[in-house]
Amino acid sequence: MASSARSMAMSDLGDPFNPYIPPNETPEEKKRRIQREKEAKKHSEAIDRQLKAEKEEMEKTKSAKLLLLGSSESGKTTVLKQLKIIHGNGLEEERRQYARIVHLNVLTAMKALTSELESSGNSLDDPKNEEHLEKFQMLTTIKVTLNRNSLTVQAAIRDKKSDDDTASETFREHSESIQALWSDAAIRKCFEKASNIGLQDSAKYFLDHVERFAQPDYVPTDDDILQARVRTIGVTEHEFRIKGSDPEIFRIFDVGGHRSQRQYWAPYFDDVNAIIFMAAVSAFDQVLEEDSDVNRMRDSLQLFDTICNHPLFINTSIILFLNKIDILKKKIQKVKVKDYFEEYKGANDFQSVTKFFQRQFLAKNSNTEKHIYVHFTHATDTKQMRVIVASVNDIVQRMNLKASGLI
Ligand SMILES: Nc1nc2c(ncn2[C@@H]2O[C@H](COP(=O)(O)OP(=O)(O)OP(=O)(O)O)[C@@H](O)[C@H]2O)c(=O)[nH]1
Ligand SMILES: [Mg+2]
């Protein structure tokens, strides 16, 4: 008897919902009591759930919603990566998955160069490199596979499970040939000449580091990830908490800028606090990948016109990032803006050219009340982006104070 009483007391101690058991409880009373306790627990859980939902809703209304918009390759996802470095948990989550994107980027860059060499009718400078060229040209047949792979890479980053390593295997099989070809003067000539052969802006960065990327234990650095290019498909949402700012939570939406992707933007146009519109100022002499009849800069200007004057964005502030200024600086030493924009009468120097493009964008805005903040950016440079991100944060906070009537 004594031992059973003790064992009962011990089991009571372990149950917080059962602090007291009436003595001489009949089985019927026990059943009712357990039923009551179950209901109390259910009720308390429902209250917890409601409180949690209210807290989430409150945080949502206290957060700032920002859209990253712009044409393809303008640098939207790069800015997002910088935000992860500056205000998030860094790039650890995607670091390993990026190895195959880096490998794919190298393959794609060399593919564009060898195709250009072929169509120009020129031959390699060093005949010893012929065997490497032949080996590389065999890749034509798997180009489709590589493109498909770039999409699965993006899916892999999202759901973090994919062991499809075709790109890395192909890269390692060809890394020696790529290095030999990249050192050939005829290939270098193709690189210097062509700005419209499908070469991504970071092609040189990737081709210069092939040896490091080919190491069996290669893990991408932050810079490798910032330079890597994978086209965004669909729209992705990212949340950042910036301590000490008001609001603290920033919800940032990164969209795909390719023309086929723009149809997916509209559902995200409600309750937007600010738009970061990105345009690559260096792209004035390039055409769209999706339509070789359209100049990239003119496409950006047209898109900016649509966004700026969109009925849902009448009062939405726009932060305009005129990006890739590092590439622009180099490019205008050789390429004349007036060859692509006949209306341009100024000098071909950085100050005059950037002023001209800034005016072109601002002229699209038909609402004089609307604020458009302009920044000249170099999105792959973390140091510069720290300063830019801080000033974007200032703008959003000022907007917030204004909205609350405090200023
Ligand atoms: N040199 C240089 N490269 C940049 C800069 N900004 C972005 N890039 C590179 O440009 C390429 C395209 O950048 P993304 O950020 O992927 O472009 P995106 O706007 O997200 O493109 P979509 O997803 O297709 O809409 C990447 O290889 C980046 O590393 C810049 O300011 N300077
Ligand atoms: Mg992107």
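Is Asp271 buried or exposed, judged by its C-beta neighbours inside 10 Å? Asp271 counts as exposed, because it has 11 such neighbours, where exposed stands for 12 or fewer other C-beta atoms within 10 Å of the residue's own, buried for 20 or more, and partly exposed for values in between, with C-beta atoms placed from the backbone.

## Basis of the model

This is a predicted model, in which local features need pLDDT of at least 70 and side-chain atom pairs count only at pLDDT 80 or more, while totals for chains, interfaces and linings use all residues. Residues are numbered from 1 along each chain as its sequence is written, and chains are lettered from A and ligands numbered from 1 in the order in which they are written.

## Overall architecture

The protein has 16 helices and six strands, these being DSSP runs numbered from the N terminus (H or I of at least four residues for helices, E of at least two for strands). Buried residues make up 28% of the 407 residues. Among contacts between residues at least 6 apart in sequence, 78% join residues at least 24 apart, a contact being a pair whose C-beta atoms, placed from the backbone, lie within 7 Å.

## The shell around ligand 1

Ligand 1 is surrounded by 26 residues, the closest being Gly75, Thr77, Arg229, Thr232 and Gly257; a residue is near the molecule if its C-beta atom, placed from the backbone, lies within 6 Å of it. By class, the shell holds three nonpolar, 16 polar and seven charged residues, with Ala, Val, Leu, Ile, Met, Phe, Trp, Tyr, Cys and Pro taken as nonpolar, Asp, Glu, Lys and Arg as charged, and the others, Gly among them, as polar. Because domain 2 (66-92 + 233-393) and domain 3 (97-219) both give residues to this shell, ligand 1 lies between them; the domain bounds come from an automatic or database domain assignment.

Helices H3 (76-87), H12 (222-227) and H14 (325-331) each supply at least two residues of the shell, and the largest share, three residues, comes from H3. The twelve residues of H3 should span 16 Å at 1.5 Å a residue, which agrees with the 16 Å between its end C-alpha atoms; the expected span is 1.5 Å times one less than the number of residues. The buried residues of H3 include Lys76, Thr77 and Leu83.

## Nonpolar cores

The largest nonpolar core has 47 residues, of which Leu68, Ile252, Ile275, Ile276, Phe277 and Val281 touch the most other members; such a core is a set of buried Ala, Val, Leu, Ile, Met, Phe, Trp, Tyr and Cys residues joined through C-beta atoms within 7 Å. Strand S4 (residues 274-280) gives the most to this core, with seven residues. A second, separate core of 27 residues includes Tyr98, Ile101, Leu113 and Leu117.

Leaving aside neighbours within four places in sequence, Ile252 is in contact with Leu66, Leu68, Leu80, Leu83, His238 and Phe240.

## Loops and backbone exceptions

Most residues other than glycine have a negative phi, and most peptide bonds are trans. Asp271, in the loop between S3 and S4, has a positive phi of about 50° although it is not a glycine. Glu73, in the loop between strand S1 (64-70) and H3, has a phi near 65°, and Glu73 counts as buried because it has 23 C-beta neighbours inside 10 Å.

A cis peptide bond, with omega about 5°, joins Asp246 and Pro247, and Pro247 is found in the loop between S2 and strand S3 (249-255).

Definitions and conventions:
Contact = placed C-beta atoms within 7 Å.
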